[in-house]
Amino acid sequence: MTSSWTFLVFGGTGQTGQHFVRMALEQGHRVRALARTPGKFTTHHPDLAVTRGSITDHPDLDALLPGVDAVVAMLGDAGAQQHRLVNTAFVRELVPAMRRHGVSRFLYQAGGLSAAPGKPLPVALRAVRATIARGYIGQHRDNEAVMRYLTDEAADLEWMVHRAGIGSDGPSKGVLQRSSSAISIGTFRDCADYTLRTVTDASAVHTCDPSHYAPAA
């Protein structure tokens, strides 16, 4: 890999995705994005190429993937995910396409209340999931199915999962770091910054870790 990467982004018009795309371009990377409504992008740049489409419409992945260094998925539709595993179905299409084009690196953003395979959530997070966040249970189940698929059927790829505790937009609250257990409620921009740093970090391969703010020195 070179210092300049080409990212294929799904979910780039979302609240975290907008920050990710902007930061990646500012750092000299190239971004391709699939978007149902391309006009939602607030960033315009010669190194940003947007294709109109949706992950539920079987996009032409063989046209999007050539020349890509890494794929980043920041997807979420809580309403649709109540009824079916939207992201899982898409990732099951994406992974074989990545193999066909020799693209190995894949970062999937899940929620912090989605349990990693074989690692139950701490009691406090299970309580939040069952009460305050119960409306997102379909989203958690979808994320967990994606993580199981990656773990069980995609070990040949350099995948990684960011189990993000995303709160709201606003100024940075600090620098998020990968943790095996601790999780912080991050701003959209801090989560995007973490995701951009993590997707190029080989030590994060095959992890499903949350992120937390590094303590002040």
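Tutor: A salt bridge here is a side-chain nitrogen of Lys or Arg within 4 Å of a carboxyl oxygen of Asp or Glu. By this rule the count is seven salt bridges. The model is predicted, so local features need pLDDT of at least 70 and side-chain atom pairs count only at pLDDT 80 or more, while totals for chains, interfaces and linings use all residues. Residues are numbered from 1 along each chain as its sequence is written, and side-chain values use heavy atoms, with hydrogens and water left out.

Student: Why is the contact of Glu26 and Arg22 called a salt bridge?

Tutor: The N to O distance is 3.4 Å, and the rule asks for within 4 Å, so the pair qualifies.

Student: What separates Glu26 and Arg22 in helix α1?

Tutor: About one helical turn, because the two are four residues apart in helix α1 (residues 15–26). Helices are DSSP runs of H or I with at least four residues, strands are runs of E with at least two, and both are numbered from the N terminus.

Student: Why is Glu26 called exposed?

Tutor: Its relative accessible area is 58%. Exposed means over 50%, buried under 20% and partly exposed in between (1.4 Å probe, protein chains only), so Glu26 is exposed. Arg22, at 25%, is partly exposed.

Student: What makes Arg105 buried?

Tutor: Its relative accessibility is 6%, so Arg105 falls under the cut-off for buried. The side chain of Arg105 forms a salt bridge with Glu158 at 3.1 Å, N to O. Arg105 lies in strand β5 (residues 105–111) and Glu158 in strand β6 (residues 158–166), so the pair ties together parts 53 residues apart in sequence. Glu158 is partly exposed at 30%.
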